[in-house]
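Biologist: I am new to this structure and would like to learn how to read it. Could we take it feature by feature?

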Amino acid sequence: MTSALRRKAAEMASAAASQCYSYSLSPAAWALRQGGGGAARVVRLPSRRRFSVAAAGGGYDNENREYVIVGGGNAAGYAARTFVEHGMADGRLCIVSKEPVPPYERPALTKGYLFPPEKKPARLPGFHTCVGSGGQRQTTEWYKENGIEVLYEDPVVAFDGKTQTLKTSSGKMLKYGSLIISTGCEASRLPAKIGGNLPGVHYIRDVADADSLVSSLGKAKKIVVIGGGYIGMEVAAAACDWNLDTTIIFPEDHIMPRLFTPSLAKKYEELYQQNGVKFIKGALIDKLEAGSDGRVSSAVLKDGSIVEADTVIVGIGAKPAVSPFEAVGVNSQVGGIEVDSLFRTSVPGIFAIGDVAAFPLKMYNRIARVEHVDHARKSAHHCVETLLTSQTKAYDYLPYFYSRVFEYEGSSRKVWWQFYGDNVGETVEVGNFDPKIATFWIDSDSRLKGVFLESGSSEEFGLLPQLAKSQPIVDKAKLKAAASVEDALDIARSAL
Ligand SMILES: Cc1cc2nc3c(=O)[nH]c(=O)nc-3n(C[C@H](O)[C@H](O)[C@H](O)COP(=O)(O)OP(=O)(O)OC[C@H]3O[C@@H](n4cnc5c(N)ncnc54)[C@H](O)[C@@H]3O)c2cc1C
């Protein structure tokens, strides 16, 4: 069948969709990024319903109307791959994107992208989805070859669920049969009135932000990183390779407070200090001040102290990009568009995936939003399988986080850690960070709930999800007495 015929068939066809679902949200619904607890949830499985799509023309500006994805990020790229695998993309799928390039592996932006020019930094098209999971590199041509219509640099600004239409910022009117919202997150910003928009102040969410930061790093001497989470730690590590005077400022007692124990954080902080990075902990920013050239020149702390900086990178978290889809249903506890375990929103035919989705985290019986690429990939796949097949299997996600820093050429110490599961309960730490260290989270029933490993082999990293998924009962005393990380992992493995 030619692409045109397929398109015609698609226009005549209807998109499978699902009925409303209902579930009771936990009173203290939980986000992985916020912590908390949750209660039971009831999910009504769907009977399937079909939606018709307007025929060709009709005053709409998209040719492919059966399936529309809003957002051209990580999750959208993986969703597109699943449509192609099912032979359901050509002439049927349209992606509406705010960015000027096709979906890419966003984590690269604070890693290989920030290498100095002489160290072969990562650049597009090198890290388009789905290279991060070993798939084909989905360049602009890949989308064309697969008959996927992509509208670039034209964000959706309005949505009408009754008429199944979208309006973009350039005024285009789009029609959809089924809609997948994958708008991700926006970086949280410091208010303009305290200098959050000064030249030299950077936020990093997309390639344009990363380009702007790289251009500042090339001229920078003194940088201040605000925030001790992923973005702050990755950018500070990159700044070491540029030999910049770097200070990290954050309000908590230690870095990565939502995941790391104080002891674990101390090991990483020492490594950063050995690389010349300074820490100002327990500090709040009062304002960022500009110099005579109008660019940022210093950060003023609430205690009145002043830290000079010609470049400031703000990594203080992100907010789910729910606009203009608020009417679809925003979760009041964790933010984001509420979905069930098949990524269906409360509006039939509309789905949400990736960072923006507030979904039931089945194994811990709570509602979560997960801002990590592994979930973006898996939720995209699960959602499209739901849409295109009769799958009714509930998404059963095992939380997984990782980071890789100091990986540049000439680095004396590469860092690569992975975490699986839930960081609740008592902790047992094994290893001396030379280079390995492991932390085990164990609950009051002696069940292993979460496990963290630095510098593991691929076989050791491969064991972590098995442990976190099965939650075996472990002998705490034995783990504490383990002579090495390898021994500790063997003890945990033997409990499986
Ligand atoms: C700098 C950085 C480093 C990261 N590093 C890691 C890491 O090391 N490990 C890890 O697991 N995760 C990491 N993450 C998180 C990971 O990248 C995200 O979880 C993942 O990108 C989420 O995919 P998504 O498709 O939901 O959102 P995104 O990839 O953010 O894509 C959303 C897209 O939607 C677009 N959009 C928004 N609103 C609209 C609209 N109205 N109309 C059209 N388009 C719209 C956005 O411009 C964007 O292109 C990192 C994120 C960042 C920003």
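Modeller: Helices (H or I, at least four residues) and strands (E, at least two) are DSSP runs, numbered from the N terminus. Residues are numbered from 1 along each chain as its sequence is written. Please keep in mind that this is a predicted model, where local features need pLDDT of at least 70 and side-chain atom pairs count only at pLDDT 80 or more, while totals for chains, interfaces and linings use all residues.

Biologist: How many bridges join strand 11 to strand 18?

Modeller: Two strands pair if DSSP finds at least two bridges between them. Here strand 11 (residues 201–202) and strand 18 run parallel and are joined by 2 bridges. Strand 18 also pairs in the parallel sense with strand 12 (residues 222–226), over 4 bridges, and there isoleucine 226 stands opposite valine 314.

Biologist: What is the order of the strands in the open sheet?

Modeller: The order is 11-18-12-13-14, with parallel pairing across the 5 strands. Strand 11 and strand 14 (278–280) each have a single partner strand and stand at the edges, so one side of each has no neighbour in the sheet. Further in, strand 12 pairs with strand 13 (residues 245–249) in the parallel sense over 5 bridges, and the bridge partner of valine 224 in strand 13 is threonine 247.

Biologist: Which residues of strand 18 point one way, and which the other way?

Modeller: Thr311 and Ile313 point one way from strand 18 (residues 311–314), and Val312 and Val314 point the other way. All of them are buried. A residue is buried if 20 or more other C-beta atoms lie within 10 Å of its own, exposed if 12 or fewer, and partly exposed in between, with C-beta atoms placed from the backbone. Of the chain's 496 residues, 46% count as buried.

Biologist: Which residues have the most contacts inside the largest nonpolar core?

Modeller: A nonpolar core is a set of buried Ala, Val, Leu, Ile, Met, Phe, Trp, Tyr and Cys residues joined through C-beta atoms within 7 Å. The largest one has 70 residues, and those with the most contacts inside it are Ala236, Val312, Ala438, Phe440 and Val451. Helix 5 gives the largest share of this core, 8 residues. Another core, of 61 residues, lies apart from it and includes Tyr67, Tyr78, Ala321 and Ala368.

Biologist: What is phenylalanine 440 in contact with?

Modeller: Two residues are in contact if their C-beta atoms, placed from the backbone, lie within 7 Å. Leaving aside neighbours within four places in sequence, phenylalanine 440 is in contact with Thr427, Val428, Leu448, Val451, Leu479 and Ala492. Phenylalanine 440, in strand 27, is also the bridge partner of valine 428. Strand 26 (residues 426–430) and strand 27 (residues 437–442) run antiparallel and are joined by 5 bridges. They form a hairpin with 6 residues between them, and glycine 431 in the turn has a positive phi of about 110°.

Biologist: Why does glutamate 153 count as partly exposed?

Modeller: Glutamate 153 counts as partly exposed because it has 13 C-beta neighbours inside 10 Å.

Biologist: Finally, where does the ligand lie?

Modeller: Domain bounds come from an automatic or database domain assignment. Domain 1 (3–186 + 320–388) and domain 2 (192–316) both give residues to the shell around the ligand, so the ligand lies between them. A residue is near a molecule if its C-beta atom, placed from the backbone, lies within 6 Å of it. The ligand is surrounded by 37 residues, and the closest are Gly71, Gly73, Ala75, Gly184 and Gly354.
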